[in-house]
Amino acid sequence: MNARHPISEQSRLFVSGNEAVSLAARDAKVKVAAAYPGTPSTEILEYIAAYPDIYSEWSINEKVSLEVAIGASLAGSRALCAMKHVGLNVASDALMTQTLIGAIGGLVVVVADDVGLSSSQNEQDSRYWGRFAHIPVLEPADTQEAYDFTRLAFDLSEQYQTPVLVRLTTRICHVKGMLETRFPAAPTAKQGFLKDPARFVMVPGHAKNRIPLMMQRDAVLLSAAEASDLNVVEQGSDELGFIVSGVAYQHVKEAYPEASVLKLGFSHPAPLEKIRAFSQNIKRLILVEEVEPLLEKELKAEGIALEGKSILPNIGELTPVVLKAAIEGHAAEVKTPPTQLIHTTQVFPRPPTMCVACPHLGVYYTLSKVRNTYISGDIGCYTLGAGHPWNALDTCISMGASMGVALGLDKGRQDADSNKKVISVIGDSTFLHMGMQGLLDLTYNKANVTVLLLDNRAVGMTGGQNAPSSGINLQGEKTISVDFPQLVKALGVKEERVHVVDPYELPTLFKTLRDETKVDDVSVIITNQPCVLTERYHAMQPLKVEDSDCNGCGNCLEVGCPAILVSRRETVVKPNGSEKELAFVNIDTAACTGCNLCVGTCGPKAIVPAQTIISGYAADHLGVEIKS
Amino acid sequence: MNSATVTNILVAGIGGQGVMTAAEILSETAMSLGFDVKKTEVAGMAQRGGVVTSHVRFGQKVHSPSIAAGEADVLVAFEPAEALRWVTHLRPEGVAMVNTFRLAPPVVSIGLFDYPDDPVTEMKTSKREVHAFNAGALALELGDRRLVNTIMLGAIADQLPFDAEVLKASVLKRFQHKSQALLELNQKAFEAGRTAAKQN
């Protein structure tokens, strides 16, 4: 295979890897594209949504997105689905059987591994799925290749009748680089869906006939990988050579420009003969893989001598500095060993925080005030509740896990925990993604769990994307909006155990939570205020602190709003001789949007409406827009 | 690592401060001059008030997208504690441009960590060339806090391997379809940044 499409006459573009994938989908004449948002893959579908010839959607989860793509492929159309690494875990049930069916229209799964864990609960290597599902894996090393390889993936998929995995990593998705697009694919007339139960209905009798065909396909794909110009030798010094795929190729070229390199773009099935031939002329051969020693085990089993994870880390990015330190030993002469040149004091951490006026602030302030709780959390902005000042999250595992884990905490409780209240916290989009089943398990199995369903009508953490709770689809068109009280009642929660509460009304929220945790049943408390990153949120008059009225109690700081700043601290000695730390505050009026949460925590009523509004910089950096 | 031919600019600040826009403008400018350009940042949770850095690399051919510690030619810091955090990324002959307008995160507000006493003075002990001025206050004087971005780009305009006027043109290009007043304001801000950098 060496069929890179000819460059079109368009001028050079400067785009991210994610946008390059979307342009490739456009030019490959994809008909259907589906995804659930997830860093670092989210933007792929946001870009695709702008192309009117492609049907695109936010699916409710990654498994459904793959199923939609599968259906489109069986209908004879090219289809793409995109997801982050943990999303492919969810989608894998469909993938593992679809590989037996193969593909009719080109079927491409774009998976983005968060190497370096910028915004994920784990760091896993999706190349395993290529082995597990017997499908080819393509690994672009830059923006141009993200485009080219995605185009090629569709050709491969149709030529060999297989789903194809395009593996991206954070430093492909979110790096902008040069791109020259190529001529669009010629439209091909397809026959439409052709019934073929022996192939499309995977019952045991049919599936067992497909397995030998899949094995035959493995052999054909191996030949294709051996012949592919995506697997290319760059001859350099024979003293030092690298086998490398993905963005790590760039790091190798940066650190060792003189070395020989076998760059694997079509990395599974591994082109063993090409690798063996390359390895024979190299004195020191190093295999550079982000993250797991996957290819290393395969090559060592083939008797190919090389170094890999014995010297390289199996976590994080393999940047030039990491490579040099590993390959030359830590004593090696790095050009400017920075930590030896500059000593500075450790700067405070700046962890991600909840936005100014975020409705979750009221929820976590309340949770931090309720005693004797075990709080089972979920994946989303509310995971930030584990941090300061709330410290009100005890578990976070995977999308939708909060309720199943809560049920286990309830049913598995030891005597020591008999007085503990078990609470689940989950957002609207996560609930619809994979949480509904967990709630049904709670009601069916008579759990004693209080569920906080934080409905902000958006996928907040990835930037406020729409979901079935938004009433708006990917294209911004009006659609259904899930009725959560009705939904949770349909899942077995009793009418009197369902409460809809405004999270800015602290006394009501506190009372409802305290009352419901006392009831031995499943309760659901739904909060009903929108994500501040979305257009549904309307800013109100900002607040300020009357300095003369502030008594330094610091209660308002426990809300955790980033617009509340300490202006000065004092230590006072109380009549009983003990010392008390006072923190006097002010409010960044330019950032404040007047949600009034902090007002309820202020004893001396020092927080009052501000008269003037300054728009701009500080408001922007805190993620809130103010109209002046 | 390709230091002779690749220019490395590290833009550092806090999510939403305009770090990515500044890096985008620098990248577009380098691209318009025919350079190979790569720009990277880690988004995702960074937009929640966390640290954000954007790496801009340009030259004949750029491989690795990220700037290694000790390899940055220019550090543009939108906040002084962030400047101190990233000063280790400067090469010995590198230049730091610092906005001294402080933004303390909640972990500092609630007293878990201290804000460094004097980040700029501490940076200067590193023997790097450090320019520092309050771009936040300057922006307010000019009438809009959002001008910080343009001011900081003006401040580094004379530290780059291309003419300051080229950068200025690409900054102003962003405003050419907006009001004349906004265009002039940004022009003024860019020049104010250049002047401030020379004086500090």
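Mentor: A residue counts as buried if 20 or more other C-beta atoms lie within 10 Å of its own, as exposed if 12 or fewer do, and as partly exposed in between, with C-beta atoms placed from the backbone. This is a predicted model, in which local features need pLDDT of at least 70 and side-chain atom pairs count only at pLDDT 80 or more, while totals for chains, interfaces and linings use all residues. Residues are numbered from 1 along each chain as its sequence is written, and chains are lettered from A and ligands numbered from 1 in the order in which they are written.

Trainee: Is A:Cys595 buried or exposed?

Mentor: A:Cys595 is buried, because 25 other C-beta atoms lie within 10 Å. A:Cys595 sits in the loop between strand E21 (579–587) and strand E22 (607–609) of chain A, where helices (H or I, at least four residues) and strands (E, at least two) are DSSP runs numbered from the N terminus.

Trainee: Which residues does A:Cys595 touch, not counting those up to four places away in sequence?

Mentor: Contact means that the C-beta atoms of two residues, placed from the backbone, lie within 7 Å; on that basis A:Cys595 touches A:Ala357 and A:Tyr504, with residues up to four places away in sequence not counted.

Trainee: Which residues does UniProt list for "binding site"?

Mentor: The unreviewed UniProt entry lists A:Cys561, A:Cys592, A:Cys595 and A:Cys598; such positions are given in the numbering used here, feature names are shortened, and annotations may be inferred rather than shown by experiment. They span 38 residues in sequence, yet no two of their C-alpha atoms are more than 10.8 Å apart, so they gather at one spot. A:Cys561, in the loop between strand E19 (543–545) and strand E20 (564–573) of chain A, is buried, with 27 other C-beta atoms within 10 Å.

Trainee: In what order do the four strands of the open sheet lie?

Mentor: In general, strands of a sheet pair through backbone hydrogen bonds, either parallel or antiparallel. Here pairing requires that DSSP finds at least two bridges between two strands, and the order in chain A is E9-E11-E10-E13, with mixed pairing. Strand E9 (231–234) and strand E13 (284–288) of chain A are the edge strands, each pairing on one side only. Within this sheet, strand E10 (residues 237–244) and strand E11 (residues 259–264) of chain A run parallel and are joined by five bridges, and A:Ile243 stands opposite A:Leu262 in E11(A).
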